Amino acid sequence: MRLRPLLRKELVWSKRNLAALIVLLVVVPAVFAGASVAFQTVVPTDMPVAVVGAGENVSDADLSVVEGAVTFFSDPVRYESTEHALEDLRRESVYAVIEIPSGVAAQSDGRLEFVLHVDGSLVPFRETSKAITSIANARLSAALPVDVRVTRTVLEPTHTLPEFLMPLLLFGVITLFAFTYVPYNLAAERTALDRIRTESSLEALAVSKLLFFTALMSIPVGIFWVVARQFEYSLAVLTPGAIAALFVSFLLMSIVAMTIMFLSRFSTTGRFLNVLVLFGLFALGGLIYPVGFFSPLRRAIARLVPVHYGMIVVRSAMLKDLPLSLFTDWLVGLVIVTVLAGAGLELSIIAYRRWIS
Amino acid sequence: MIANAPQTLTVKNLRREYGPVVALDGVSLAVEPGTLHCLVGPNGSGKTTLFRILLGLTQPTGGVISRPEATVGVGFQRPSWYPDLTVAENLHVFGRLMDVPADGWQEYVVDVLGLDRVRHRRAGALSGGYAKKLDLALALLKRPRFLLLDEPLADLDDVSESQFLDFLASYAGAGNAVFVSTHRIADFATVLDRVTVLDHGRVVFDETSEELTTDDRSMTEMYTELVGPTDAKSP
């Protein structure tokens, strides 16, 4: 066996494909290793919890006392009204709402009744919320010279774990498609681009692909709908809010994937970058697990990712069948980001044309 | 700068630079209907750059292009089609894209190029010759008044090459303009109406066939004298 010439060839080949190897051997490991910092605790210790007065008589001092007591297991956020706090509970902006009775700071005897509202559809938090209720009871009892009782109320319909997993699995499917099949399809047709440019345009090509692939997403949606019916899941797969968020999110992700391919001139590096974005979204985008359970850093990162909001809308709409109006701001934001991404795609096409000319 | 001209494809004083490299240096020529016009030059002479500028795929850094108001068909040096579609599917997709009427012309082109036997074969699995033929078929699909072909004989066998040359001559004879970019002048010696020789980005020769000898060897010798022996192919 003459290994040396072949080993030398591998070395030369690696030099020619340095960008792809840097992505795989440097960027990906760095992102994976760096992402570990986002996983700091197993049980949530600083998830956002709404603190709100049960009536108008609740003073700032009352709220401050409770905020101090619940800081041990949460990151308290003060709300002006219970209605607003519950709305944010439904939107997964907070994971529990503590209603404070009046007289917390002043009362020296008797009993104080607190109510801890949790979202029943958020299955991973259901059991945890029982423990948190006990902890809240203990902390408030220790902090106050009165008899404290914390009552846990579960809002929204409760679901099983399989039902909870369905929306995120469906979202996972469209994310996978956007960052693997779409770039593969575009790169596979690279040889036709010159003729497309003379008979049509790269913009028309991109738009036709986006429209077609977005329409294709009806198939996995249909399959999830059939499976949900088959297993008699309490799940509104075809609710307008879920469909809208799912399709706009897919469109956005496909546009990003295509932009990467045009900017990388359809190279192998471009495909690896897309896979990297895919992993990044799953690891840091809060697509799989509610982000409130993770570190503030990871939460902050996830909340910078537009499709994170798309995932929450899909989950909320399917599990809770909430009105679309509750998420109008997020959906409009998602559409605006998608339009901006479309402008980015156009710029990448212009850059591609300049490069190859 | 692009001006409008209805009948003739004309370039004047065309210039294209890639950083310090001058690919085209003041190129002027005119492609007229009813002629088979060969653009000849050695590898790296600027033929493909000029070809891509004519198609609008590359922007010139200077000069004027007057494009005819007529249909233009293009054959690329590297065949350009969908590799995952069959020959028939490629013809159908691009035919629809070009609004080609169903008047039998497409079948005629398939027949002329001998593509019928591979009609249902995936384009990406075609041999080099058939891959080129599919590209030529797509160039001819809309029966263009201006047919621009970059190295059209590459990968064709001798019989196919001869048949296709005859076809090109008759196509030009029917009043269409055929503009061919090639580095093998001898292949076109018997059919061309005009030849433009490009070397180091400059036009070094531009004459009609009447002004040239019809002898292949003389044409090859003439070409060799102009550009040197490197790329001249003996007939």
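Analyst: Happy to. This is a predicted model, where local features need pLDDT of at least 70 and side-chain atom pairs count only at pLDDT 80 or more, while totals for chains, interfaces and linings use all residues. Residues are numbered from 1 along each chain as its sequence is written, chains are lettered from A in the order in which they are written, and side-chain values use heavy atoms, with hydrogens and water left out.

Chain A brings 16 residues to the contact and chain B brings 25 residues, where contact means heavy atoms within 4.5 Å. On the side of chain A, A:Arg195, A:Glu199 and A:Ser357 lose the most area to chain B, together 45% of what that side buries. The buried area is about 1600 Å², with 50% of it from carbon and sulfur atoms; this is the accessible area (1.4 Å probe) that two parts lose on being put together, summed over both.

Now for the pairings. Three salt bridges cross the interface of chain A and chain B, each a side-chain nitrogen of Lys or Arg within 4 Å of a carboxyl oxygen of Asp or Glu. A:Asp194 forms a salt bridge with B:Arg52, their closest N and O atoms being 3.0 Å apart.

As for elements, helix H6 (161–188) and H7 of chain A give two or more residues each to the side that touches chain B. H7(A) gives the most, with seven residues. Helices here are DSSP runs (H or I, at least four residues), numbered from the N terminus.
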